[in-house]
Amino acid sequence: MKRYFLVLCLLLLLPVLCSCGEEEVRTIKIYNCVDYIDEAVLDEFVDYFYEKHGERIDYIYDTFETNESMYNTIRTGKTDYDLCCPSDYMIQKMIREDRVEKFDFEQYNLDTYFENCSPYLLDLFEQNGWTEYAACYMWGTLGLIYNPSELASKVDEEDYTVESWEDFLKPEFKGMASLKDSVRDAYCVASIMVHKDELSKVDSSSEEYNTLIQDVINRVSDEDIEKVSNKLREIKSNIYGLEVDSAKGDIVTGKIAMNLAWSGDAVYSIDLAEEAGIELRYTVPNEGGNVWFDGWVMPKGADKELAQEFINFLSLPEIAAQNMEEIGYTSSIAGDAIYNLIDEWYGVASNELYVEECQALYDEDPTLENKELLDEAIAYLDEATYTEVDLTYFFKGTLSEEYLTDDKVIVTIDDSYMGRQFTTQYPDLDTLNRCGVMQDFDEQNETVLQMWINVKANKASVILIVSLISFVTLAILLVLYSKRSYFARKRRLNKK
């Protein structure tokens, strides 16, 4: 009996004995938007952390579809993420509601982030009071992507350049455009259109204009909401429809010719169209638009050391470049690796690399087809024209001396990417001056959301009302016809 008791005790103690000497592994839990990171960097971060701190860690990586679904998950308190990546307005909402931690700059620094993040974006975060709570991840503008030849054909012109949001209302373009099914983005556009006369009285290159556009896109009084609602109904009556993600492909296939787009999605569509021999362009209309940001924040109870170290890791220019290669959006990080990436994508180096690729292809398979491809690449390299663009505002203070030209950051860009991929990712300061940062609508959030629901339901409601009226009318006619037939038959029987 004692022997059995001893065996039982050993079995009970076995898990404890086996665990002795095992190192407890900390886990960083990350909550990010779908398709918004090169997931290879997650494993690379584990190795980076071990090399730097001598500690093995693990990670859990989850994704969300919208800012609102992310917010609801965090709000419930059922999860304990160390980092999540909301957009500008949601960052403000979470700060206001005290749902995020402040960064610990004393014990766990963010030196790599501050060294490499674009000074333009650091300044904007400082202006908006986000520096203590959020680190910028990706950024861009809200504008219009369009097919110039398709639009030109409708106005009987050789070429067409979109310059105004009013193109949403042009009768010539009826059924050719789509609008994002996003209340905030749609509200931004409609509010600019509602206040276009007020905006037109101010010089668009002035500081006053930047202040005004910021105010215009965030006006949410009851009167403003009503005006925006009416404008959105007007737009809705002239467009093909609302979309969430389908327009990225629809504008390539020709289903639509113009779309309200985030700059990152626009680059994706332009690239895709280029493979099919179609030219698309992107613009922030003359009236202005929205400059947006997504940033990393730490929900309450986060492991600040792991969270802040992850932000620092993502802020290494070579990691930021790797991320951009994968997802196509524009990183907030500057530095040498990003400068080189721009050259490889859009500069002289891009054409030289293409010639090298064609040469390698021909060396491996010397067919006539590959020879013609190589000859075309060489001819293009010789004939291409370039524009020097000043990107000092974005790179200042982040580059090695060899990349500077008289203390300025000048990039040489193939003209074929101007008005297209390059300027979509890196707009000039004049464009950015016409863009405002969208704010949290605070107490008016629900009112604006309900307005959007009503706008979206409007068409369906009209159809439903017409259908109901038609159904009721038909039913009444059938009843009257039945009664008439009944009395007619009765009269015939009486006559007999």
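1. Is Cys358 buried or exposed? This is a predicted model, and in it Cys358 has 3% relative accessibility. Buried means under 20% relative accessible area, so Cys358 counts as buried.

2. On disulfides, the count comes to zero. Cys136 is in no such bond. The cysteine sulfur nearest to that of Cys136 belongs to Cys117, at 5.4 Å. A disulfide requires a pair of cysteine sulfur atoms within 2.5 Å, so the count for the model stays at zero.

3. Next, the helix pairs. Helix α2 covers residues 40-53 and helix α14 covers residues 304-314. Their axes lie 10 Å apart, and the packing angle is about 110°. The two helices are therefore roughly perpendicular to each other. The crossing of α2 past α14 is right-handed.

4. Which residues of α2 meet α14? On the α2 side they are Val41, Leu42, Glu44, Phe45, Tyr48, Phe49, Lys52 and His53. Their partners in α14 are Glu305, Leu306, Glu309, Phe310, Phe313 and Leu314. Sorted by class, the contact of α2 with α14 contains nine nonpolar residues, one polar residue and four charged residues.

5. Helix α8 (residues 183-194) packs with helix α11 (residues 222-236) at about 100°, and the axes are 9 Å apart. Angles of 65 to 115 degrees count as roughly perpendicular, so α8 is roughly perpendicular to α11.

6. From α8, the contact with α11 is made by Ala186, Tyr187, Ala190, Ser191, Met193 and Val194. Helix α11 contributes Asp224, Ile225, Lys227, Val228, Lys231, Leu232 and Ile235. In the contact of α8 with α11, nine residues are nonpolar, one is polar and three are charged.

7. The remaining pair is α15 with α16. Helix α15 spans residues 317-327 and helix α16 spans residues 336-346. Here the angle is about 35°, with 8 Å between the axes.

8. What residues make this contact? Helix α15 supplies Pro317, Glu318, Ala320, Ala321, Met324 and Glu325. From α16 come Ala337, Ile338, Leu341 and Trp345. The contact of α15 with α16 has eight nonpolar and two charged residues, with no polar residue.

Note on methods
Residues are numbered from 1 along each chain as its sequence is written. This is a predicted model: local features need pLDDT of at least 70, side-chain atom pairs count only at pLDDT 80 or more; totals for chains, interfaces and linings use all residues. Side-chain values use heavy atoms; hydrogens and water are left out. Axes are lines fitted to C-alpha atoms, for helices over the stretch in contact, and angles run from 0 to 180 degrees between N-to-C directions. Helices (H or I, at least four residues) and strands (E, at least two) are DSSP runs, numbered from the N terminus. Angles under 35 degrees count as roughly parallel, over 145 as roughly antiparallel, 65 to 115 as roughly perpendicular and the rest as oblique. A crossing is left-handed if the near helix is turned anticlockwise from the far one by less than a right angle, and right-handed if clockwise. Contact means heavy atoms within 4.5 Å. Ala, Val, Leu, Ile, Met, Phe, Trp, Tyr, Cys and Pro count as nonpolar, Asp, Glu, Lys and Arg as charged, and the others, Gly among them, as polar. Buried means under 20% relative accessible area, exposed over 50%, partly exposed in between (1.4 Å probe, protein chains only).
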